[in-house]
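Work through the following exercises with the sequence and the structure side by side, and try each task before reading its solution.

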Amino acid sequence: MDLVVTPGTGHAARLAAFGRTYRCAIGRGGVCRDKREGDGATPVGAFALRAVWFRPDRLAPPATALPHRPIAPDDGWCDDPAHPAYNRHVRLPFSASHETLWRADALYDLIVVPGHNDDPPVAGAGSAIFIHCADAAWGPTEGCVALAQDDLLGIVERLGPASRLIVTAA
């Protein structure tokens with residue numbers, strides 16, 4: 001089943017899946033067709049869902065048909081377009097620019113990794129685009145899709161190998 005994101009005003013959006021509509025937040029730059037590193041926009045397109053990552057100290061392993069793994073304190077994601085590991089999982093410490101997946105806040109307690117710019121990664125075309133937990137204020141993301149943690153958990157349990165993230169332009 002597909003997860004269909006429709007942008008609203010600013011960074012507010014809706015995600016439709018499994019016969020329901022969920023509130024979600026998207027990038028501070030809204031959506032865009034030509035994603036660039038650092039633009040803060042959520043990329044338009046259809047993306048396979050690669051894996052689910054979770055914080056084992058905060059959540060039980062999710063029941064999902066997608067590949068899943070616990071996040072460890074040394075997990076990161078390279079966002080440096082000049083580095084060969086661009087838009088790939090890396091181990092910390094890591095000398096190039098990167099996202100830290102083990103965060104003090106709860107945003108990355110549960111992450112779904114869509115297949116955006118990963119086969120193969122194109123330098124500068126966007127990295128670390130995830131579906132993750134929203135913050136309490138429903139603030140914008142850096143280009144990801146964010147949902148309430150309970151909503152995301154319920155969705156993850158119903159995802160399978162054929163599921164996709166579809167981000168529409170309007």
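**Exercise 1. The largest nonpolar core**

Which residues of the largest nonpolar core touch the most other members?

Solution. Bear in mind throughout that the model is a predicted one. The largest nonpolar core holds 27 residues, and within this set Leu-3 and Leu-15 are the ones that touch the most other members. Strand E6, which spans residues 45-54, supplies the largest share of this core, namely four residues. Apart from this core lies another one, made up of twelve residues, including Ile-71, Trp-77, Leu-101 and Tyr-108. As a general background, nonpolar side chains tend to be buried together in soluble globular proteins.

Next, look at Leu-3 on its own: when residues up to four places away in sequence are not counted, Leu-3 touches, among others, Leu-15, Phe-18, Leu-49 and Ile-155.

**Exercise 2. The faces of helix H1**

Find which residues of helix H1 are buried, and work out where they lie around the helix axis.

Solution. In helix H1, which runs over residues 149-156, the buried residues are Leu-152, Ile-155 and Val-156. Seen down the axis of H1, these buried residues fall within an arc of 95°, and therefore they line one face of the helix. The general rule behind such a pattern is that an α-helix has 3.6 residues a turn, so residues three or four places apart point the same way.

**Exercise 3. Asp-151**

Decide whether Asp-151 is buried or partly exposed, and list its contacts.

Solution. Asp-151 is found in helix H1. Because its relative accessible area is 22%, Asp-151 counts as partly exposed, the limit for buried being under 20%. Leaving aside neighbours within four places in sequence, Asp-151 is in contact with Arg-20 and Tyr-22.

Definitions and conventions: Residues numbered from 1 in each chain as written. Predicted model: local features only at pLDDT ≥ 70, side-chain atom pairs only at ≥ 80, totals over all residues. Heavy atoms only, no water. Buried < 20%, exposed > 50% of the residue type's maximum accessible area, 1.4 Å probe, protein only. Helix = DSSP H or I, 4+ residues; strand = E, 2+ residues; numbered from the N terminus. Arc of directions from axis to C-beta. Core = buried A, V, L, I, M, F, W, Y, C linked by side-chain atoms within 4.5 Å. Contact = heavy atoms within 4.5 Å.
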